[in-house]
Amino acid sequence: MQVDHEWRRWLAENLILGSNPAELVGIMIHAGVDPETARAEIDQALASPYLAGAQRLKNRLAKREWILNSQRQLNRQRPAEIPRRHQLSTDEFFNDFYTTGRPVIITGMMDNWPAMQKWNLDYFAERAGDKMVEVQGARETDAQYEINKLQHKQTMRFADYLNQVKHAGRTNDFYMTANNTSQNRRELAVLWQDIVQIPEYLNTRSADQGFLWIGPAGTITPFHHDLTNNFMAQVIGRKHVLLMPACELPAVYNHEHCFTHVDGRDIDYNRYPLMRGAQVLECTLNPGEILFLPVGCWHFVEGLDISVTVSFINFKWDNDFTSFYPEQKAF
């Protein structure tokens with residue numbers, strides 16, 4: 001058997017990971033590679049300055065992972081819960097949560113929203129039922145519906161969508177999400193008159209005024225992380241949220257972009273054993289409550305009821321972490 005570049009890539013990866021060279025030789029021989037050729041390939045790889053350079057890079061990455069693991073250890077010295085704080089002041093939010101990357105549930109800051117008294121499905125239909133909105137549909141036909149979100153866009157009358165939501169029972173098959181914002185922000189502008197940009201935390205002059213999420217009980221947003229800090233403001237219904245701090249990255253099996261195959265509804269610890277050591281925080285977000293999701297934190301969201309949520313990223317402070325996000329290639 002010839003040793004091609006795929007074999008050499010395999011050798012390099014395993015040597016960098018610390019595999020025993022003699023064992024690698026044995027694997028190659030078992031696969032049909034001539035023993036002398038196998039040993040020569042190993043010797044050549046071990047002597048390669050390219051491999052030495054890769055090892056140097058691995059050492060640097062290991063140092064970064066040590067920093068992450070140190071923060072993971074420090075996090076476990078705090079109570080394993082997401083705190084609730086009533087009418088958190090601007091300075092407290094900024095100093096204790098925004099700049100430290102800690103989640104918090106803030107209460108009492110949506111009390112002056114007309115939406116809290118007005119919003120329900122009938123009100124939506126009356127105010128904007130004839131508008132054409134975009135939603136995510138046929139989600140249950142695709143296990144990767146979130147990654148393939150562009151393929152699931154559908155346009156329909158808002159009243160028809162609301163009727164689906166009202167009579168669906170529990171399902172994850174359709175959902176209006178932030179991915180549908182471009183069209184819906186224009187079509188449903190009348191509803192945004194019932195929303196108050198929270199001046200204690202948000203830039204009220206920003207052109208980015210938020211995102212609307214409407215769906216039946218049973219909607220799922222699988223584990224992922226955002227590229228910005230994020231507010232989830234719950235108006236109608238409840239949501240169950242699982243959250244892992246950003247420093248848990250080494251344990252979450254990040255397979256593509258900002259996603260993982262780990263299922264928050266039923267974590268398979270045999271398939272994903274590192275998740276046994278991950279710190280998973282849990283909460284139920286109730287109407288009138290705002291959940292702060294720090295940039296990079298992993299979160300899984302399930303609608304417990306017919307649910308309406310408004311999310312925001314237009315904070316008063318620097319929230320640009322996207323411009324230096326690494327280019328995504330195959331992991």
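## Nonpolar cores and helix packing in a predicted model

Phe 93, Trp 113, Trp 119, Phe 124, Phe 158 and Phe 231 touch the most other members of the largest nonpolar core, which has 44 residues. Apart from this core lies another one of 14 residues, including Tyr 145, Met 244, Ala 251 and Ile 267. A nonpolar core is here a set of buried Ala, Val, Leu, Ile, Met, Phe, Trp, Tyr and Cys residues joined through side-chain atoms within 4.5 Å. Buried denotes under 20% relative accessible area, exposed over 50%, and partly exposed the range in between (1.4 Å probe, protein chains only).

The model is predicted: local features need pLDDT of at least 70, side-chain atom pairs count only at pLDDT 80 or more, and totals for chains, interfaces and linings use all residues. Residues are numbered from 1 along each chain as its sequence is written, and side-chain values use heavy atoms, with hydrogens and water left out.

Trp 119 contacts (heavy atoms within 4.5 Å) Phe 124, Leu 191, Asp 194, Ile 195, Leu 212, Val 235, Ile 236, Val 308 and Val 310, when its neighbours within four places in sequence are left aside.

The overall values are as follows.

| Property of the protein | Value |
|---|---|
| Buried share of the 331 residues | 46% |
| Box filled by the C-alpha atoms, along the principal axes | roughly 80 × 45 × 35 Å |
| Share of contacts with a separation of 6 or more that join residues 24 or more positions apart | 80% |

The protein has nine helices and 14 strands; helices (H or I, at least four residues) and strands (E, at least two) are DSSP runs, numbered from the N terminus.

Helix α1 (residues 5-16) and helix α4 (residues 49-75) have axes that come within 10 Å and cross at roughly 40°. Axes are lines fitted to C-alpha atoms, for helices over the stretch in contact, and angles run from 0 to 180 degrees between N-to-C directions. The two helices are therefore oblique to each other, given that angles under 35 degrees count as roughly parallel, over 145 as roughly antiparallel, 65 to 115 as roughly perpendicular and the rest as oblique. Ala 12, Leu 15 and Ile 16 of α1 meet Leu 51, Ala 54, Gln 55 and Lys 58 of α4. By class, this contact of α1 with α4 has five nonpolar, one polar and one charged residues.

Asn 14 is also found in helix α1 and is buried, with a relative accessible area of 17%. Beyond residues up to four places away in sequence, Asn 14 touches Ser 19 and Leu 24.

Note on methods:
Ala, Val, Leu, Ile, Met, Phe, Trp, Tyr, Cys and Pro count as nonpolar, Asp, Glu, Lys and Arg as charged, and the others, Gly among them, as polar.
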